[in-house]
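We will go from stop to stop, with something to select at each one.

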Amino acid sequence: MTTLTPTPTPEKLAPPGRRRRRERHAAELEARTRAVGARLGAIAAQPTAQVLREYGVDRAGLCQAEVLDRQERYGLNTVARERAPRWYAQLARAYANPFIAVLVFLAAVMYWQDPADPGVVILSVMVAISGLLRFWQEFRSGRAADALKQLVTTTTAVQRRAGRGALTTTVEIPMEQVVPGDLVKLGAGDLIPADLRLVTAKDLMVSQAALSGESLPVAKTDVRDGEENRCTTADPVEAGNLCLMGTSVTSGTATGVVVATGADTYFGSMAGSLVGERPQTNFDTGVRRVSFLLIRFMLVMVPVVFAINGLTKGDWDEAFLFAVAVAVGLTPEMLPMVVSANLARGAVAMAKKKVVVKRLNAIQNLGAMDVLCTDKTGTLTEDRIVLDRYLDVHGTEDSEVLEYGYLNAHFQTGLRNLMDQAVIDRVNEAEEVVVDARFTMVDEIPFDFARRRMSVVLNRNGLSGAAGRPEHVLITKGAVEEVVALCTHLVDRGERVELTDQLRWHVTRTAEDNNRRGLRVLAVATRTMPDPRDTYTVADESGLTLVGFLAFLDPPKADAAAALRGLADNGIAVKVVTGDNELVAARVCADVGIEVGTVVTGPEVDALDDAELSRLAATTTVFAKVNPVQKARIVRALQTRGHTVGFLGDGINDAAALRDADVGISVDTAVDIAKESADIILLEKDLTVLEQGVVQGRTTFGNTIKYIKMTASSNFGNVFSVLVASAFIPFQPMLAIMLLVQNLVYDIAQLATPWDRMDEDYLRKPRNWDAKGIGRFMVTIGPISSVFDIAMFAIMWNVFGANTEANQALFQSGWFIEGLLSQTLIVHMIRTRRIPFLQSRATWPVMVMTLLAVATGLFLPFSPLASTIGFVPVPMSYFPWLIGVLLAYCTLTQLVKGWYVRRFGGWL
């Protein structure tokens, strides 16, 4: 028996590093899949008897002792699959964030300084809520995704014996108990449990859409002993005598010997890409860069504040406490919580639109996506076969061709295939009644794969006007080459004429023209039988008259073109990556308005190195006849050019690409392994639903960036003001507790940010993390507030006499109010590139929280808590000055905003 040894993987392929490890892992999996494919190709080329001999089995099947031995040797027939982590692992991962680490560190320092410090509790609550929000949403979504998994079948029929010499019986066993050498019995509706080499087959049609992407079932047959009949394809999916795990039988029966199980199957070789560490996505990279940018600002500014305060005030303990408070003030401590709240709210909004979000980060990736790779079947097309046209020999529509095609499909007694049903569906009910009345079934010559055609013989009833003896007409439908070869005449504009060599070339070209348009073409021919009788044979399929052609396709969805235009309007380029042939792919893409250009096929992809493929992928719209390894390579090639890539797929062959993409998108009807690999699951396979998800993703990301830019620039401005004040004022410009309270009130007000809206012009383009842009925004917009903070310092110092340590509480109270109100009101200036309130208004939750924050800031110096925090009431004459400062601040900010947009081409 053939020993199934693990497929060798390459040696070290690249230096260490996250990207290198990912590339090395991908290369190893590609090599493994190719090796498995080559081994299966070799098996397909062997005679049946040799295959059975090598696997140590005869046509009676394995005995129980052999089964037990092989189960011990090869293990269960299962493949690697990604499993949801335990709840406690998910909870721990929810807190794996650099900002959370900073907040925990700051809380620890504050606790060390003063265990009773309320700031410790504030920071701890922020950290706890942030992690719990993320954990609960992902945990709940994971459970919802698990509930979507539908098992097609769990058992399979195998031929076994109790012992040597015992009678053969067919038993149903769980799929995971199948072993190499088992003889599996297949029938319509069965899922192929392992990789099989066919031993016998009758009219077998197998759906390979999950592996190849082809919408039509393909014919499979056993290959008899003998050189001339051997299958020589190197691609196991193309082999006519192999049935691969994960595909299914649509019609016919067969028996096959198991040649590979579990990880050694073609499917199993691909499943290895679905376990282990997931690739870093656009979101992960963006958050990390922004986090470390803000942490770097903190690491620079805090020591400077500490040094200046210690040197100028002489109290190093107080300077340290103040520096810690500044660190808290400079850190957007609500960032993890606001990001989690934003993503969670986005997931809830998308759930209402029939989209299940398994991984929250995918929402932002969906908004940042600028390239969508998608299969065509079921996404651009309806995933069903229809009769598109019925043509005479010149390619002109002819209802007589439809009538004869209908008669052939309607009267056959065998199992109708998808094209037979498409012909029947095309004829309306009234016409069916008339046709049924005119003809009666006499006999049929069933379809077989050698002839590639089937015929029915019908009697024309008296209603048709025939007189005398019965008139029998034979109607044949099948593959063009086979049917045309049997024809001696054709119907030309109603006249029966001889089929000359010139006309034969002409009708062949008509069929080929339709093939080139991506249509599946069948020929229809007839013969009026000279001697009517009760039975007919294959020999009667001669001297036929060609009537015309039936052309079929999987039609484009009615809304596909509009959905593609919507994605294009949102700045997303769509690339079709399909396992179907190039002619069909080009036809469908053209029908839905995609600029096809040059179609690149799988073998062409294999001939390119990564750099060449990256350049080609950037300019290619349609990839056809691509296998799972090639799909994943195309995704990675696009990512190397800086694109955020989404992949929409539902088959086994899509799983690796779904995992490698920045956002993997599948549907609830997909195979389990595709749903496990996906980040987002659509409950409807509809690009319109996806477009809505993209807009929601951009809204979520926009609100996150809004918070980061507002808070980071405001905090930077505050710290800059503190630096100036510390250098020239003989007391602390604001107590540490005041800074914490100010930040707390401001941050609570920002909890409404996830409920804000984004301007329409912002939603039209993919949006991405830009750490450099955030840094530029901070140092450009932040100091504007410092200008007016310093103006308020001067007012408090000179106008209100708050220029001694005895009056420092008045100074601090005045700056607290101005700082909090300016920080809160400027939210409305920064949230839009337009003029706030007039051209763009925030949602009511944001407006309410703004008013509450302003009211809190005005109330605290006059409240019973004032003395506890260190406030004193400010005089009424302070408020006209405050209004003037705030109006000037808003005006200057709006002017700088206009300059910034013109200078850098964007705002948020």
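Select Q208 first. This residue lies in the loop between β5 (195–207) and α7 (209–212). The model is predicted, so keep that in mind at every stop. Is Q208 buried or exposed? Q208 has a relative accessible area of 3%. Anything under 20% counts as buried, so Q208 is buried.

**A meeting across the sequence**

Next, select D448. Look for it in strand β12, residues 439–448. D448 has a relative accessible area of 25%, and is partly exposed. In sequence, D448 and D203 are 245 residues apart. In space, their C-alpha atoms are 6.2 Å apart. Leaving aside residues up to four places away in sequence, D448 touches D203 and R453.

Zoom out for a moment. The protein has 32 helices and 24 strands. It has 908 residues, and 56% of them count as buried. Now take the contacts with a separation of 6 or more: 75% of them are between residues 24 or more positions apart.

**A covered helix**

Select residues 628–639. This is helix α22, with 12 residues. From its first C-alpha to its last it reaches 17 Å, close to the 16 Å expected at 1.5 Å a residue. How many of its residues are buried? The count is 12 of 12.

**A buried lysine**

Move on to K706. Its place is in helix α25, residues 687–728. K706 is buried, with a relative accessible area of 1%. Which backbone oxygen lies 3.2 Å from a polar atom of the K706 side chain? That oxygen belongs to R757. Select what K706 touches, not counting residues up to four places away in sequence: D756, R757, M758, R831 and L908.

Select residues 844–859, which form helix α30. This helix has 16 residues. It reaches 22 Å from first C-alpha to last, close to the 22 Å expected at 1.5 Å a residue.

Colour P845, V846, T850, A853, V854 and G857: these are buried. Look down the axis of α30. The buried residues fall within an arc of 165°, so they line one face of the helix. An α-helix has 3.6 residues a turn, so residues three or four places apart point the same way.

What do the buried residues of α30 pack against? Their partners are α26 (736–749) and α29 (808–830). Now turn to the other side of α30. There, W844, L851 and F859 are exposed.

**Rings and charges**

Show the aromatic side chains. The structure holds 16 aromatic pairs. Start with F777 and Y900. Their rings are edge-to-face, 5.7 Å centre to centre, with 80° between the planes. F777 lies in helix α28 (residues 771–799) and Y900 in helix α32 (residues 878–904), so the pair ties together parts that are 123 residues apart in sequence. F777 counts as buried, at 0% relative accessibility. Y900 is buried too, at 1%.

Now select F731, F793, W797, F811 and W815. Ring pairs link these residues into a cluster.

Finish with two arginines. Select R776 and F904. The charged end of R776 sits over the ring of F904, 4.2 Å from its centre. Then select R767 and Y762. Here R767 lies over the face of Y762, at 4.1 Å from the ring centre.

Notes: Residues are numbered from 1 along each chain as its sequence is written. This is a predicted model: local features need pLDDT of at least 70, side-chain atom pairs count only at pLDDT 80 or more; totals for chains, interfaces and linings use all residues. Side-chain values use heavy atoms; hydrogens and water are left out. Helices (H or I, at least four residues) and strands (E, at least two) are DSSP runs, numbered from the N terminus. The expected span of a helix is 1.5 Å times one less than its number of residues. Buried means under 20% relative accessible area, exposed over 50%, partly exposed in between (1.4 Å probe, protein chains only). The arc is that of the directions from the helix axis to the C-beta atoms. Contact means heavy atoms within 4.5 Å. Rings of Phe, Tyr and Trp (its six-membered ring) pair if their centres lie within 6.5 Å; planes under 30 degrees apart count as stacked, over 60 as edge-to-face and the rest as tilted. A charge sits over a ring if NZ of Lys or CZ of Arg is within 6 Å of the ring centre and within 35 degrees of the ring normal. A polar contact is a pair of N or O atoms within 3.5 Å; within protein, one must be able to donate a hydrogen and the other to accept it, and residues adjacent in sequence count only if both atoms are side-chain atoms.
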